[in-house]
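Welcome to a short tour of one protein model.

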Amino acid sequence: MNSGMTKKERVLAALYKKETDRIPFSPLCDDYFASSLEKQNHPYDLLRALRYIGADIIERHSPCCEVRYGGGITVESREVGGGKRETHFITKYGEIYDRFYFQNGAMYTEKHLLSTPEDVKVMTHIARNTQYIPRFELFEERKKAIGDDGIPTPTAPCSPLLETLQVLCGLENTTYLLLDEEDAMREMFAALHERNKNYYRLICDLDTPVVFAYEDTSTTIMSRDWFQSLAAPCLNEYAKILHGAGKLYITHMCGKLSGFSEDIAKILSDGIDSVCPPTTGDMECWDAKSAFGGKVIIGGIEPSSLVMKSEEAILSHVSEILERMRGGRGFILSTGDAVPHGTSVELLKKIADLVAREG
């Protein structure tokens with residue numbers, strides 16, 4: 001067994017399903033968690049907090065590109081009071097906008113961009129005129145900042161279905177529009193998919209071994225037919241693009257997955273991120289390891305448990321995970337989605353210490 005690995009080496013070895021000196025611990029920490037650091041007398045500095053915890057760092061959403069729009073599209077961001085903002089897309093085919101606000105580092109959508117067939121046509125035009133500009137120097141800066149403590153990771157687009165469900169329409173409007181305006185929706189999906197492929201081709205030139213896409217698959221928001229016919233074919237095309245450049249493709253799927261086990265095992269992604277036990281999800285990491293065709297598994301800890309359960313219960317579950325997953329390859333202990341606002345830094349440190357002893 002390897003010994004004395006750096007955290008970066010440990011993470012990369014696990015991602016490539018190679019032998020590691022211990023199980024990596026890489027909690028999914030973003031602004032949702034970081035926004036509560038000052039209340040715990042820690043600086044609002046996520047990287048510093050992760051080093052204090054002792055995590056094997058996988059930084060999420062590391063910058064590498066910027067978005068521009070052609071086709072006469074104008075984008076305006078507006079304050080509308082009460083801490084809320086609207087983003088307006090003004091085009092020759094009409095105007096669409098969303099409304100959102102931030103609370104404790106998390107974004108909440110009050111109004112989705114799309115609700116009518118006319119909105120769908122506007123979004124199709126926007127998708128066809130979206131350009132991605134490389135800013136790879138920003139990613140290199142994150143590499144230098146993290147050093148041997150882990151890796152930065154770029155965020156790639158999810159499938160058009162998931163983007164529509166999560167961002168553009170919401171579940172109810174997506175369902176109605178697919179039933180009533182199928183041709184227009186499929187035309188929009190095709191435009192979004194071509195836009196996405198342009199992004200994936202662009203980041204083939206980014207110096208990173210792995211790319212994450214936040215697909216957020218769950219049986220609570222889609223049918224198996226939707227997954228098979230609308231999501232999986234897109235994910236497979238994205239995987240082929242990245243594999244052609246020698247990169248790993250990790251799909252973030254933090255919901256209830258057991259009903260899709262056979263389908264997830266067949267998609268061409270190299271791993272599933274944020275596998276989550278009940279109640280947010282419905283699979284323990286050891287079940288996912290056997291169900292998903294030998295893919296890399298990242299996850300195991302139910303996020304809300306970190307603020308709802310006792311320290312004893314949390315550490316007991318982590319010990320069970322370590323016992324069941326120890327010695328295997330292709331596993332990274334993490335949270336099954338973002339670490340919640342208010343999670344104790346000291347609790348995360350105790351988990352890291354436990355993994356260092358028993359992992």
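Which residue forms a salt bridge with glutamate 76? Arginine 78 does, and the closest N and O atoms of this pair are 2.7 Å apart. A salt bridge here is a side-chain nitrogen of Lys or Arg within 4 Å of a carboxyl oxygen of Asp or Glu.

## Before you start

This is a predicted model, in which local features need pLDDT of at least 70 and side-chain atom pairs count only at pLDDT 80 or more, while totals for chains, interfaces and linings use all residues. Residues are numbered from 1 along each chain as its sequence is written, and side-chain values use heavy atoms, with hydrogens and water left out.

Helices (H or I, at least four residues) and strands (E, at least two) are DSSP runs, numbered from the N terminus. Buried means under 20% relative accessible area, exposed means over 50%, and partly exposed is in between (1.4 Å probe, protein chains only).

Let's begin with an open sheet of 4 strands, paired antiparallel in the order 3-4-5-6. Strand 3 (74-81) and strand 6 (106-111) are the edge strands, each pairing on one side only. From one strand to the next, the twist averages 30 degrees. Two strands count as paired if DSSP finds at least two bridges between them; strand 4 (residues 84-91) and strand 5 (residues 94-103) are joined by 8 and run antiparallel. Helix 4 (residues 117-128) packs on the sheet, where it touches strand 4 and strand 5, and its direction makes about 85 degrees with that of strand 5. Such angles run from 0 to 180 degrees between N-to-C directions, with axes fitted as lines to C-alpha atoms, for helices over the stretch in contact.

Now look at glutamate 86, which sits in strand 4. Glutamate 86 is buried, with a relative accessible area of 9%. Its side chain makes a polar contact of 2.8 Å with that of histidine 88, and another of 2.8 Å with that of arginine 99. A polar contact is a pair of N or O atoms within 3.5 Å; within protein, one must be able to donate a hydrogen and the other to accept it, and residues adjacent in sequence count only if both atoms are side-chain atoms. Not counting residues up to four places away in sequence, glutamate 86 touches several residues, including Glu76, Arg78 and Tyr97, where contact means heavy atoms within 4.5 Å.

## Salt bridges

How many salt bridges are there by this rule? The count comes to 28. In the pair that opened the tour, arginine 78 is partly exposed at 31% relative accessible area, and glutamate 76 is partly exposed at 31%. Lysine 84 meets glutamate 110 in a salt bridge of 2.6 Å, N to O. This pair links distant parts of the chain, with lysine 84 in strand 4 and glutamate 110 in strand 6, 26 residues apart. Lysine 84 also stands opposite tyrosine 101 in strand 5.

Aspartate 273 and arginine 60 also meet through their side chains in a salt bridge (2.7 Å, N to O). Aspartate 273 lies in strand 12 (residues 271-275) and arginine 60 in the loop between strand 1 (57-59) and strand 2 (65-69), so the pair ties together parts that are 213 residues apart in sequence. Aspartate 273 is buried at 0% relative accessibility, and arginine 60 is buried at 7%.

Helix 14 (residues 345-358) has 14 residues and reaches 20 Å from its first C-alpha to its last, close to the 20 Å expected at 1.5 Å a residue. That expected span is 1.5 Å times one less than the number of residues. Serine 344 caps the N-terminal end of helix 14, with a side-chain oxygen 3.2 Å from the backbone nitrogen of glutamate 346.

Among the buried residues of helix 14 are Val345, Leu348 and Ile351. The partners that the buried residues of helix 14 pack against include helix 3 (46-53), helix 13 (311-325) and strand 14 (331-335). Leucine 37, in the loop between helix 2 and helix 3, is buried with a relative accessible area of 0%. Leaving aside neighbours within four places in sequence, the contacts of leucine 37 include Tyr44, Ala49 and Val345.
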